[in-house]
Amino acid sequence: MSLSFHIERASGRARVGRLVTPHGEIETPVFMPVGTLASVKGVPQDTLEELGAQIILGNTYHLYLRPGVETVRRMGGLHGFMAWPRAILTDSGGFQVFSLNELRKVTEEGVTFRSHLDGSSHFFSPESSMEAQIGLGADIIMAFDECTEFPADRERMRASMEMTARWAARSKKYFEEHKTEVPWARVAHVGTAAPGCPAERSSAGESSDFPTLAAKGAARMGHPIPGDATQSLFGIVQGGMDRELRRESALRTIEVDFPGYAIGGLSVGEPRELTREIVESTLEHLPADKPRYLMGVGTPEEIVEYANLGVDMMDCVLPTRAARHGLLFTSEGKVSIKQARYAQDQGPLDPGCGCRVCQRYSRAYLRHLYASNEVLAQVLNTIHNLSFYLDTMRRVRHSIRLGEESRFSSSVWSRPEP
Ligand SMILES: [Zn+2]
(Lines give C-alpha, C1' and ligand atoms only; values in the text may rest on other atoms or scores of the structure.)
Protein backbone atom coordinates (compact mmCIF):
# COMPACT_ATOMS: atom_id res chain seq x y z
CA MET A 1 0.00 0.00 0.00
CA SER A 2 1.45 3.35 -1.01
CA LEU A 3 -1.64 5.41 -1.73
CA SER A 4 -5.34 4.78 -1.81
CA PHE A 5 -8.19 7.18 -2.42
CA HIS A 6 -11.84 6.60 -1.65
CA ILE A 7 -14.64 9.02 -2.33
CA GLU A 8 -17.04 8.80 0.60
CA ARG A 9 -19.66 11.27 -0.47
CA ALA A 10 -20.27 13.44 -3.53
CA SER A 11 -22.54 16.44 -3.80
CA GLY A 12 -22.76 18.03 -7.21
CA ARG A 13 -19.21 18.11 -8.48
CA ALA A 14 -17.75 18.34 -4.97
CA ARG A 15 -16.62 15.23 -3.13
CA VAL A 16 -15.40 14.22 0.31
CA GLY A 17 -12.76 11.55 0.26
CA ARG A 18 -10.05 9.79 2.20
CA LEU A 19 -6.51 9.71 0.90
CA VAL A 20 -4.36 7.12 2.66
CA THR A 21 -0.59 7.66 2.56
CA PRO A 22 2.26 5.80 4.31
CA HIS A 23 2.24 8.59 6.93
CA GLY A 24 -1.43 8.74 7.66
CA GLU A 25 -4.86 9.45 6.32
CA ILE A 26 -6.00 12.71 4.86
CA GLU A 27 -9.58 13.86 4.63
CA THR A 28 -10.23 15.63 1.34
CA PRO A 29 -10.78 18.27 0.14
CA VAL A 30 -7.68 19.32 2.04
CA PHE A 31 -5.68 22.51 2.38
CA MET A 32 -1.94 21.89 2.64
CA PRO A 33 0.15 24.52 4.52
CA VAL A 34 3.42 25.36 2.78
CA GLY A 35 6.61 24.54 4.66
CA THR A 36 9.15 25.64 2.06
CA LEU A 37 12.35 24.91 4.01
CA ALA A 38 11.03 22.01 6.13
CA SER A 39 9.32 24.61 8.28
CA VAL A 40 5.92 26.27 8.11
CA LYS A 41 7.41 29.65 8.97
CA GLY A 42 6.82 30.53 12.60
CA VAL A 43 4.76 27.48 13.55
CA PRO A 44 6.18 24.51 15.50
CA GLN A 45 5.17 21.04 14.37
CA ASP A 46 3.15 20.26 17.51
CA THR A 47 1.05 23.35 16.86
CA LEU A 48 0.48 22.27 13.27
CA GLU A 49 -0.78 18.95 14.62
CA GLU A 50 -3.06 20.73 17.06
CA LEU A 51 -4.44 22.86 14.22
CA GLY A 52 -5.30 19.68 12.37
CA ALA A 53 -2.86 19.98 9.46
CA GLN A 54 -2.97 16.54 7.83
CA ILE A 55 -0.35 17.10 5.15
CA ILE A 56 2.20 19.85 4.54
CA LEU A 57 4.31 20.87 1.57
CA GLY A 58 8.06 21.11 1.15
CA ASN A 59 9.81 22.84 -1.76
CA THR A 60 12.41 20.71 -3.49
CA TYR A 61 14.31 23.65 -4.99
CA HIS A 62 14.89 25.28 -1.60
CA LEU A 63 15.68 22.04 0.26
CA TYR A 64 18.04 20.92 -2.51
CA LEU A 65 20.04 24.14 -2.05
CA ARG A 66 19.80 24.15 1.75
CA PRO A 67 20.40 21.92 3.72
CA GLY A 68 20.86 19.62 0.68
CA VAL A 69 19.11 16.38 -0.18
CA GLU A 70 21.84 14.12 1.25
CA THR A 71 21.57 15.69 4.71
CA VAL A 72 17.80 15.20 4.77
CA ARG A 73 18.09 11.66 3.43
CA ARG A 74 20.53 10.67 6.16
CA MET A 75 18.10 11.98 8.77
CA GLY A 76 15.46 9.56 7.54
CA GLY A 77 13.93 11.96 5.02
CA LEU A 78 11.84 15.04 5.75
CA HIS A 79 9.63 13.20 8.26
CA GLY A 80 12.59 12.29 10.47
CA PHE A 81 14.49 15.53 9.83
CA MET A 82 11.67 17.87 10.79
CA ALA A 83 9.99 15.48 13.24
CA TRP A 84 6.69 15.55 11.36
CA PRO A 85 4.84 12.25 11.60
CA ARG A 86 2.04 13.06 9.15
CA ALA A 87 1.99 13.20 5.38
CA ILE A 88 4.24 15.44 3.27
CA LEU A 89 4.14 16.46 -0.40
CA THR A 90 7.08 17.96 -2.28
CA ASP A 91 6.89 19.90 -5.53
CA SER A 92 9.30 19.07 -8.35
CA GLY A 93 11.39 22.23 -8.15
CA GLY A 94 10.17 23.19 -11.61
CA PHE A 95 7.94 26.05 -10.55
CA GLN A 96 10.60 27.65 -8.32
CA VAL A 97 13.26 27.33 -10.98
CA PHE A 98 10.95 29.07 -13.44
CA SER A 99 9.66 31.73 -11.09
CA LEU A 100 12.80 32.58 -9.11
CA ASN A 101 15.45 32.29 -11.75
CA GLU A 102 16.02 34.87 -14.42
CA LEU A 103 19.28 33.18 -15.40
CA ARG A 104 17.77 29.81 -16.29
CA LYS A 105 18.35 27.94 -19.52
CA VAL A 106 15.80 25.36 -20.62
CA THR A 107 16.60 22.51 -23.00
CA GLU A 108 14.94 19.18 -23.73
CA GLU A 109 17.33 17.62 -21.23
CA GLY A 110 16.39 19.91 -18.32
CA VAL A 111 16.94 23.32 -16.77
CA THR A 112 20.22 24.98 -15.83
CA PHE A 113 19.73 27.63 -13.15
CA ARG A 114 21.60 29.71 -10.64
CA SER A 115 21.11 29.45 -6.89
CA HIS A 116 19.38 32.52 -5.45
CA LEU A 117 21.63 32.05 -2.40
CA ASP A 118 25.13 32.18 -3.86
CA GLY A 119 24.79 32.33 -7.65
CA SER A 120 26.22 28.82 -8.11
CA SER A 121 25.10 26.89 -11.21
CA HIS A 122 22.81 23.84 -10.92
CA PHE A 123 20.86 21.53 -13.21
CA PHE A 124 17.41 19.98 -12.76
CA SER A 125 16.04 17.33 -15.09
CA PRO A 126 13.09 14.98 -14.65
CA GLU A 127 15.59 12.38 -13.41
CA SER A 128 17.46 14.63 -10.98
CA SER A 129 14.19 16.07 -9.63
CA MET A 130 12.97 12.52 -8.93
CA GLU A 131 16.30 11.64 -7.33
CA ALA A 132 16.04 14.70 -5.07
CA GLN A 133 12.42 14.03 -4.16
CA ILE A 134 13.07 10.37 -3.40
CA GLY A 135 15.91 11.47 -1.08
CA LEU A 136 13.61 13.99 0.64
CA GLY A 137 11.11 11.18 1.13
CA ALA A 138 7.73 12.95 0.96
CA ASP A 139 4.67 10.70 0.67
CA ILE A 140 3.55 12.38 -2.54
CA ILE A 141 6.03 13.75 -5.05
CA MET A 142 5.47 15.63 -8.30
CA ALA A 143 6.57 15.08 -11.87
CA PHE A 144 9.06 17.62 -13.24
CA ASP A 145 7.16 20.07 -15.42
CA GLU A 146 7.62 23.36 -17.17
CA CYS A 147 5.37 26.09 -15.86
CA THR A 148 4.43 28.17 -18.90
CA GLU A 149 4.69 31.92 -18.32
CA PHE A 150 1.70 34.24 -18.73
CA PRO A 151 1.01 35.65 -21.20
CA ALA A 152 2.35 33.25 -23.84
CA ASP A 153 1.34 32.68 -27.45
CA ARG A 154 -0.23 29.43 -28.57
CA GLU A 155 2.92 28.01 -30.20
CA ARG A 156 4.86 28.60 -27.02
CA MET A 157 2.08 27.07 -24.86
CA ARG A 158 1.94 24.02 -27.13
CA ALA A 159 5.71 23.45 -27.18
CA SER A 160 5.87 23.83 -23.40
CA MET A 161 2.93 21.47 -22.84
CA GLU A 162 4.49 18.84 -25.10
CA MET A 163 7.81 19.03 -23.29
CA THR A 164 6.00 18.66 -19.96
CA ALA A 165 4.34 15.50 -21.33
CA ARG A 166 7.73 14.05 -22.34
CA TRP A 167 9.16 15.03 -18.95
CA ALA A 168 6.23 13.31 -17.22
CA ALA A 169 7.13 10.01 -18.92
CA ARG A 170 10.81 10.45 -17.97
CA SER A 171 9.83 11.29 -14.36
CA LYS A 172 7.69 8.15 -14.13
CA LYS A 173 10.40 5.93 -15.62
CA TYR A 174 13.06 7.14 -13.17
CA PHE A 175 10.65 6.94 -10.24
CA GLU A 176 9.62 3.36 -11.01
CA GLU A 177 13.27 2.30 -11.21
CA HIS A 178 14.30 4.01 -7.96
CA LYS A 179 11.24 4.20 -5.71
CA THR A 180 12.55 1.60 -3.27
CA GLU A 181 15.40 3.97 -2.37
CA VAL A 182 13.14 6.20 -0.25
CA PRO A 183 14.85 6.68 3.16
CA TRP A 184 11.90 5.54 5.28
CA ALA A 185 11.60 2.26 3.41
CA ARG A 186 14.57 1.36 5.60
CA VAL A 187 13.00 3.10 8.59
CA ALA A 188 10.03 0.80 8.16
CA HIS A 189 12.29 -2.23 8.32
CA VAL A 190 13.95 -0.96 11.49
CA GLY A 191 10.53 -0.20 12.95
CA THR A 192 9.16 -3.69 12.40
CA ALA A 193 12.20 -5.39 13.99
CA ALA A 194 12.63 -5.84 17.73
CA PRO A 195 13.44 -2.37 19.09
CA GLY A 196 17.14 -1.86 19.63
CA CYS A 197 18.18 -5.10 17.94
CA PRO A 198 21.79 -4.46 16.92
CA ALA A 199 21.72 -6.89 14.01
CA GLU A 200 18.75 -5.15 12.48
CA ARG A 201 20.30 -1.76 13.05
CA SER A 202 23.57 -2.57 11.38
CA SER A 203 21.84 -4.02 8.36
CA ALA A 204 19.45 -1.12 8.00
CA GLY A 205 21.79 1.51 6.65
CA GLU A 206 25.33 2.12 5.52
CA SER A 207 26.26 4.83 8.02
CA SER A 208 26.51 4.22 11.74
CA ASP A 209 24.41 7.24 12.77
CA PHE A 210 21.62 6.70 10.27
CA PRO A 211 19.79 3.74 11.83
CA THR A 212 19.60 5.35 15.27
CA LEU A 213 18.23 8.58 13.89
CA ALA A 214 15.92 6.69 11.60
CA ALA A 215 14.69 4.53 14.48
CA LYS A 216 14.03 7.66 16.54
CA GLY A 217 12.13 9.08 13.61
CA ALA A 218 10.09 5.88 13.34
CA ALA A 219 9.34 5.99 17.07
CA ARG A 220 8.10 9.57 16.77
CA MET A 221 5.86 8.62 13.90
CA GLY A 222 3.79 6.51 16.26
CA HIS A 223 2.42 4.11 13.68
CA PRO A 224 4.12 1.43 11.62
CA ILE A 225 4.83 2.05 7.96
CA PRO A 226 4.12 -1.00 5.78
CA GLY A 227 7.42 -2.51 4.67
CA ASP A 228 6.49 -2.35 1.00
CA ALA A 229 5.26 1.26 1.12
CA THR A 230 6.76 3.69 -1.35
CA GLN A 231 6.13 7.28 -2.35
CA SER A 232 3.48 8.15 -4.92
CA LEU A 233 4.25 10.23 -7.99
CA PHE A 234 1.58 12.61 -9.33
CA GLY A 235 1.46 13.95 -12.89
CA ILE A 236 0.90 17.63 -13.68
CA VAL A 237 -1.37 19.02 -16.38
CA GLN A 238 -0.06 22.15 -18.11
CA GLY A 239 -1.16 23.87 -21.33
CA GLY A 240 -1.20 27.55 -20.38
CA MET A 241 -4.53 29.34 -20.63
CA ASP A 242 -5.75 27.33 -23.63
CA ARG A 243 -8.61 24.94 -22.91
CA GLU A 244 -7.84 22.67 -25.86
CA LEU A 245 -4.16 22.39 -24.88
CA ARG A 246 -5.22 21.68 -21.30
CA ARG A 247 -7.43 18.87 -22.56
CA GLU A 248 -4.60 17.42 -24.63
CA SER A 249 -2.18 17.75 -21.70
CA ALA A 250 -4.65 15.96 -19.42
CA LEU A 251 -5.04 13.07 -21.87
CA ARG A 252 -1.29 12.74 -22.41
CA THR A 253 -0.58 12.84 -18.68
CA ILE A 254 -3.27 10.23 -17.98
CA GLU A 255 -1.69 8.07 -20.67
CA VAL A 256 1.55 8.00 -18.63
CA ASP A 257 -0.63 6.77 -15.73
CA PHE A 258 -0.28 8.35 -12.29
CA PRO A 259 -2.15 7.69 -9.01
CA GLY A 260 -3.11 11.39 -8.85
CA TYR A 261 -3.17 14.45 -11.10
CA ALA A 262 -2.35 18.08 -10.50
CA ILE A 263 -3.35 21.19 -12.40
CA GLY A 264 -0.24 23.37 -12.62
CA GLY A 265 0.67 26.63 -14.28
CA LEU A 266 -2.14 28.71 -12.78
CA SER A 267 -2.02 31.77 -10.51
CA VAL A 268 0.83 33.09 -12.66
CA GLY A 269 -0.68 36.54 -13.16
CA GLU A 270 -3.82 35.70 -15.15
CA PRO A 271 -7.21 37.15 -14.16
CA ARG A 272 -9.10 35.13 -11.59
CA GLU A 273 -12.04 34.38 -13.91
CA LEU A 274 -9.61 32.78 -16.35
CA THR A 275 -8.09 30.64 -13.58
CA ARG A 276 -11.55 29.37 -12.69
CA GLU A 277 -12.44 28.70 -16.31
CA ILE A 278 -9.26 26.68 -16.90
CA VAL A 279 -9.67 24.75 -13.64
CA GLU A 280 -13.27 23.91 -14.43
CA SER A 281 -12.56 22.75 -17.98
CA THR A 282 -9.43 20.78 -16.99
CA LEU A 283 -11.23 18.93 -14.18
CA GLU A 284 -13.65 17.48 -16.75
CA HIS A 285 -10.77 15.55 -18.32
CA LEU A 286 -9.30 14.12 -15.09
CA PRO A 287 -10.34 10.67 -13.83
CA ALA A 288 -13.03 10.96 -11.18
CA ASP A 289 -11.57 8.18 -9.01
CA LYS A 290 -8.11 9.77 -8.60
CA PRO A 291 -7.15 12.69 -6.33
CA ARG A 292 -7.03 16.07 -8.08
CA TYR A 293 -4.59 18.67 -6.82
CA LEU A 294 -4.81 22.33 -7.78
CA MET A 295 -1.38 23.85 -7.24
CA GLY A 296 -0.75 27.24 -5.67
CA VAL A 297 -4.23 28.67 -5.01
CA GLY A 298 -5.85 30.69 -3.40
CA THR A 299 -7.87 33.02 -1.16
CA PRO A 300 -10.38 31.58 1.35
CA GLU A 301 -13.18 32.28 -1.15
CA GLU A 302 -11.24 30.51 -3.91
CA ILE A 303 -10.43 27.35 -1.97
CA VAL A 304 -14.14 26.96 -1.19
CA GLU A 305 -15.02 27.58 -4.83
CA TYR A 306 -12.48 25.06 -6.14
CA ALA A 307 -13.52 22.42 -3.61
CA ASN A 308 -17.07 22.85 -4.88
CA LEU A 309 -15.80 22.26 -8.42
CA GLY A 310 -14.31 18.91 -7.37
CA VAL A 311 -10.71 19.75 -6.43
CA ASP A 312 -9.40 17.49 -3.63
CA MET A 313 -6.09 19.08 -2.67
CA MET A 314 -4.84 22.68 -2.59
CA ASP A 315 -1.86 24.56 -1.28
CA CYS A 316 -1.00 28.23 -1.09
CA VAL A 317 1.54 30.48 0.61
CA LEU A 318 -1.14 33.14 1.03
CA PRO A 319 -2.27 32.43 4.64
CA THR A 320 1.28 32.18 5.96
CA ARG A 321 2.83 34.97 3.88
CA ALA A 322 -0.07 37.38 4.46
CA ALA A 323 0.11 36.66 8.20
CA ARG A 324 3.73 37.77 8.30
CA HIS A 325 2.61 41.04 6.70
CA GLY A 326 -0.15 41.55 9.25
CA LEU A 327 -2.98 40.60 6.89
CA LEU A 328 -5.44 38.30 8.63
CA PHE A 329 -8.42 36.39 7.27
CA THR A 330 -11.47 36.33 9.51
CA SER A 331 -15.12 35.35 9.33
CA GLU A 332 -15.87 39.10 9.13
CA GLY A 333 -13.46 39.72 6.26
CA LYS A 334 -9.82 40.72 6.02
CA VAL A 335 -8.16 42.52 8.92
CA SER A 336 -4.99 44.57 8.51
CA ILE A 337 -3.83 44.38 12.09
CA LYS A 338 -1.30 47.21 11.70
CA GLN A 339 -4.08 49.79 11.53
CA ALA A 340 -4.27 52.32 14.36
CA ARG A 341 -7.99 51.62 14.78
CA TYR A 342 -7.10 48.38 16.56
CA ALA A 343 -4.72 50.04 19.07
CA GLN A 344 -7.26 49.83 21.91
CA ASP A 345 -9.56 47.13 20.55
CA GLN A 346 -10.14 44.63 23.34
CA GLY A 347 -12.04 42.14 21.19
CA PRO A 348 -10.61 38.94 19.76
CA LEU A 349 -9.19 38.97 16.25
CA ASP A 350 -12.07 36.83 15.01
CA PRO A 351 -15.04 36.23 17.33
CA GLY A 352 -16.01 33.24 15.16
CA CYS A 353 -12.63 31.51 15.47
CA GLY A 354 -11.77 28.90 18.08
CA CYS A 355 -8.00 29.05 17.59
CA ARG A 356 -5.68 29.55 20.52
CA VAL A 357 -4.84 33.09 19.34
CA CYS A 358 -8.45 34.25 19.16
CA GLN A 359 -9.24 32.55 22.46
CA ARG A 360 -6.48 34.34 24.33
CA TYR A 361 -5.33 37.64 22.81
CA SER A 362 -6.93 40.97 21.92
CA ARG A 363 -6.67 42.82 18.63
CA ALA A 364 -4.90 45.59 20.56
CA TYR A 365 -2.17 43.19 21.68
CA LEU A 366 -1.74 41.68 18.21
CA ARG A 367 -1.54 45.18 16.76
CA HIS A 368 1.08 46.15 19.34
CA LEU A 369 3.19 43.05 18.59
CA TYR A 370 3.07 43.79 14.87
CA ALA A 371 3.85 47.50 15.28
CA SER A 372 6.79 46.62 17.55
CA ASN A 373 8.11 44.08 15.06
CA GLU A 374 7.99 41.33 17.68
CA VAL A 375 8.69 37.79 16.43
CA LEU A 376 5.57 36.66 18.29
CA ALA A 377 3.43 38.73 15.91
CA GLN A 378 4.42 36.50 13.01
CA VAL A 379 3.87 33.35 15.05
CA LEU A 380 0.41 34.26 16.32
CA ASN A 381 -0.76 35.76 13.03
CA THR A 382 0.30 32.65 11.14
CA ILE A 383 -1.38 30.30 13.61
CA HIS A 384 -4.65 32.17 13.22
CA ASN A 385 -4.55 32.33 9.41
CA LEU A 386 -3.72 28.64 9.11
CA SER A 387 -6.45 27.80 11.58
CA PHE A 388 -8.87 29.85 9.49
CA TYR A 389 -7.93 28.02 6.27
CA LEU A 390 -8.02 24.57 7.88
CA ASP A 391 -11.37 25.34 9.54
CA THR A 392 -12.70 26.56 6.21
CA MET A 393 -11.88 23.22 4.63
CA ARG A 394 -13.35 21.35 7.59
CA ARG A 395 -16.60 23.23 7.06
CA VAL A 396 -16.49 22.60 3.33
CA ARG A 397 -16.18 18.84 3.99
CA HIS A 398 -19.05 19.04 6.44
CA SER A 399 -21.24 20.83 3.89
CA ILE A 400 -20.47 18.28 1.19
CA ARG A 401 -21.37 15.47 3.58
CA LEU A 402 -24.68 17.18 4.25
CA GLY A 403 -25.23 17.48 0.52
CA GLU A 404 -25.07 21.25 0.55
CA GLU A 405 -22.94 23.54 -1.52
CA SER A 406 -20.75 25.52 0.85
CA ARG A 407 -20.59 29.24 0.41
CA PHE A 408 -18.02 31.65 1.70
CA SER A 409 -20.22 33.74 3.97
CA SER A 410 -20.57 34.50 7.65
CA SER A 411 -23.39 31.96 7.91
CA VAL A 412 -20.91 29.22 6.98
CA TRP A 413 -18.71 30.09 9.95
CA SER A 414 -21.52 30.09 12.46
CA ARG A 415 -22.43 26.46 11.80
CA PRO A 416 -21.49 23.99 14.53
CA GLU A 417 -18.32 21.99 14.20
CA PRO A 418 -18.74 18.68 12.37
ZN1 LIG B 1 -8.17 32.55 15.27
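Modeller: Let's take the labels in turn and set each value against its rule.

Modeller: Some ground rules: this is a predicted model, where local features need pLDDT of at least 70, side-chain atom pairs count only at pLDDT 80 or more, and totals for chains, interfaces and linings use all residues. Residues are numbered from 1 along each chain as its sequence is written, and side-chain values use heavy atoms, with hydrogens and water left out.

Biologist: Fine. What makes the arrangement around the zinc ion tetrahedral?

Modeller: Start with the donors, meaning N, O and S atoms within 2.8 Å of the metal (3.2 Å for Na, K and Ca); water is not among the atoms, so sites may look incomplete. The protein donors here are C353 (SG), C355 (SG), C358 (SG) and H384 (ND1), lying 2.1 to 2.3 Å from the zinc ion. Four donors count as tetrahedral if all angles lie between 85 and 135 degrees. The four donor atoms here subtend angles of 98 to 119°, so the arrangement is tetrahedral.

Biologist: How are those donors spaced along the chain?

Modeller: They follow C-x1-C-x2-C-x25-H. C355 sits in the loop between β16 (333–336) and α15 (356–360), while H384 is in helix α17, so the pair ties together parts that are 29 residues apart in sequence. Those element names come from DSSP runs, numbered from the N terminus: helices are H or I with at least four residues, strands are E with at least two.

Biologist: Are C355 and H384 buried or exposed, and how do you know?

Modeller: Buried means under 20% relative accessible area, exposed over 50%, and partly exposed in between (1.4 Å probe, protein chains only). C355 has 5%, so it counts as buried. H384 has 0%, so H384 is buried too.

Biologist: Now the rings. Why is the pair F329 and Y389 called edge-to-face?

Modeller: Rings of Phe, Tyr and Trp (its six-membered ring) pair if their centres lie within 6.5 Å; planes under 30 degrees apart count as stacked, over 60 as edge-to-face and the rest as tilted. By this rule the count comes to nine aromatic pairs. The centres of F329 and Y389 are 5.7 Å apart and the planes are at 70°, so this pair is edge-to-face. The pair also links distant parts of the chain, with F329 in strand β15 (residues 327–330) and Y389 in helix α17 (residues 375–401), 60 residues apart. F329 is buried at 5% relative accessibility, and Y389 is buried at 0%.

Biologist: And what makes Y361 and Y365 stacked?

Modeller: Their centres are 5.5 Å apart, with 25° between the planes, and that pair is stacked. Y361 has a relative accessible area of 24%, so it is partly exposed; Y365, at 33%, counts as partly exposed as well. Elsewhere, Y61, Y64, F113, F124, F144 and W167 form one aromatic cluster.

Biologist: What makes a space a cavity and not a pocket?

Modeller: On a 1 Å grid over the protein atoms alone, a cavity is a set of points where a 1.4 Å probe fits but cannot get out, and a pocket is an open set with protein on both sides within 12 Å along at least five of seven lines; lining residues have an atom within 4 Å of a point. Grid points are joined across faces, edges and corners, and a volume is the space filled by probe spheres set on the points.

Biologist: How many cavities does the search find?

Modeller: Three of 30 Å³ or more. The second largest cavity holds about 40 Å³, and α17 gives the most to its lining, with four residues. The largest pocket has about 730 Å³ of space. Its lining has 32 residues, with F95, Q96, G296, D315 and V317 nearest the centre.

Biologist: Last one: what stands out about A83 and N373?

Modeller: Most residues other than glycine have a negative phi, and most peptide bonds are trans. A83 is not a glycine, yet its phi is positive, about 55°. N373 has a positive phi of about 60° and is not a glycine either. N373 has a relative accessible area of 67%, so it is exposed, whereas A83, at 30%, is partly exposed. As for peptide bonds, the one joining T28 and P29 is cis, with omega about 0°.

Conventions:
Tetrahedral: all angles 85-135°; square planar, octahedral: opposite > 155°, others 65-115°.
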